[in-house]
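Here is a short briefing on charged side chains. Look over the structure, then read on.

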Amino acid sequence: MTLSILHTASAWWVETPAGAAKIATSASTTAELLTDRAAIEAAGSEVVDVDTLDLISPVTRPCRVIAQMTNFESHVKDAGMDPTSIPLTFFRKASASICGPFDEIVKPAHVQLLDYEVEIGLVIGRTIPVGTNISDTNLAAYIAGLVVTNDVSARDIQLPQTQFYEAKSYPTFTPVGPKLVLLDADELNRFGDLRLQLSVNGVQRQNALVEGDMLYRPLQALQSLTQFQELAPGDLVLTGTPVGTALSAPPKPIQIIGNLLPPAVKWKTFFKRQARNPKYLQHGDVIEASVATADGAIDLGSQHNAVRYA
């Protein structure tokens, strides 16, 4: 049975059917908490109403935030690419971009095209040195649990730079939570049953099942990462988003014409077209993102974030 961890500014909690039970721990970081499993399992019987808690991200910073690129077949096709040609690749985000599951997402004044990407986050449970042999049999020993994340993106910064770090690293650009769901091996084996959903102002934008859509699963991701990157407890690995983001590839004829233009002209034309797209996030929009199995056995919860223009 999954264990759901909640975090407030002054305490850690275990979610129970009756409410939230406080964990008697001195842990101040996610990494420290994950080494105190006895305290988690011994959380007291006295509970408080979860709705009375001011929840913050269950993944603390600083930490590594690593994300997989174009990792859902539906998203790859929407971007005008061939899924069979997509390699397993990663990019980094600043952990300073992490915010709580109910915090505002703040658009910097110079950003024009603000986009959303619901993703499943893997929270690393123990140190993984470079060269570690990771397999189906020991994967659950390295992944402590899962969280809902939103890989918020400034598209007008991302695309001309052809790199993602700045465009995805502004403060509040990675809402995390509301809970960190700790899983055992059998539960992690149900990863393919998870459904990612995101809506803006109550209108659904993204809705996809991992099974049949995600190109590279957590095992492949960690096997690749550990060839060159050490991971530590509390690190966060985002696993990609499905179709439904505001950004979508233009029709093929327009792409062909665009490729013939000088880069400055090409991007000016592209962004002029994108500016007419009403799906980009506007001031006051409310984003709801959730991840769960259909039977509710694994439920990462729902985050609600309002957009504010700086």
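Is Glu211 buried, partly exposed or exposed? Glu211 counts as partly exposed, because its relative accessibility is 48%. The model is predicted. It holds 13 salt bridges.

**Salt bridges**
- Glu211 and Arg217 meet through their side chains in a salt bridge of 2.7 Å, N to O. Arg217 is partly exposed, at 26% relative accessibility.
- Salt bridges with shared partners link Lys93, Asp115, Glu117, Asp151, Arg155 and Lys168 into one network.
- Glu15 pairs with Lys179 in a salt bridge, with the closest N and O atoms 2.9 Å apart. Glu15 sits in strand E2 and Lys179 in the loop between E13 and strand E14, so the pair ties together parts 164 residues apart in sequence.
- Glu15 is partly exposed at 29% relative accessible area, whereas Lys179 is buried at 10%.
- Asp235 and Arg64 form a salt bridge of 2.8 Å, N to O. Asp235 lies in the loop between helix H7 and strand E17, and Arg64 in the loop between strands E4 and E5, so this pair ties together parts 171 residues apart in sequence.
- Asp235 is buried at 4% relative accessibility. Arg64 is partly exposed, with a relative accessible area of 22%.

**A buried lysine**
- Lys168 lies in the loop between helix H5 and strand E13. Its relative accessible area is 1%, so Lys168 is buried.

**Surface charge**
- Lys268, Lys272, Arg273 and Arg276 form a patch of positive charge on the surface.
- Arg273 belongs to helix H9, residues 263–274. Arg273 is partly exposed, at 37% relative accessibility.

How values were computed:
Residues are numbered from 1 along each chain as its sequence is written. This is a predicted model: local features need pLDDT of at least 70, side-chain atom pairs count only at pLDDT 80 or more; totals for chains, interfaces and linings use all residues. Side-chain values use heavy atoms; hydrogens and water are left out. Patches are made of residues with over 30% relative accessible area and no salt bridge: like charges are joined within 9 Å, nonpolar side chains (Val, Leu, Ile, Met, Phe, Trp, Tyr) within 5 Å. Accessible areas come from the Shrake-Rupley method with a 1.4 Å probe; for residues, only the protein chains shown count as cover. A salt bridge is a side-chain nitrogen of Lys or Arg within 4 Å of a carboxyl oxygen of Asp or Glu. Lys and Arg count as positive and Asp and Glu as negative; His and the chain ends are not counted. The place of a charge is taken as NZ of Lys, CZ of Arg, CG of Asp or CD of Glu. Helices (H or I, at least four residues) and strands (E, at least two) are DSSP runs, numbered from the N terminus. Buried means under 20% relative accessible area, exposed over 50%, partly exposed in between (1.4 Å probe, protein chains only).
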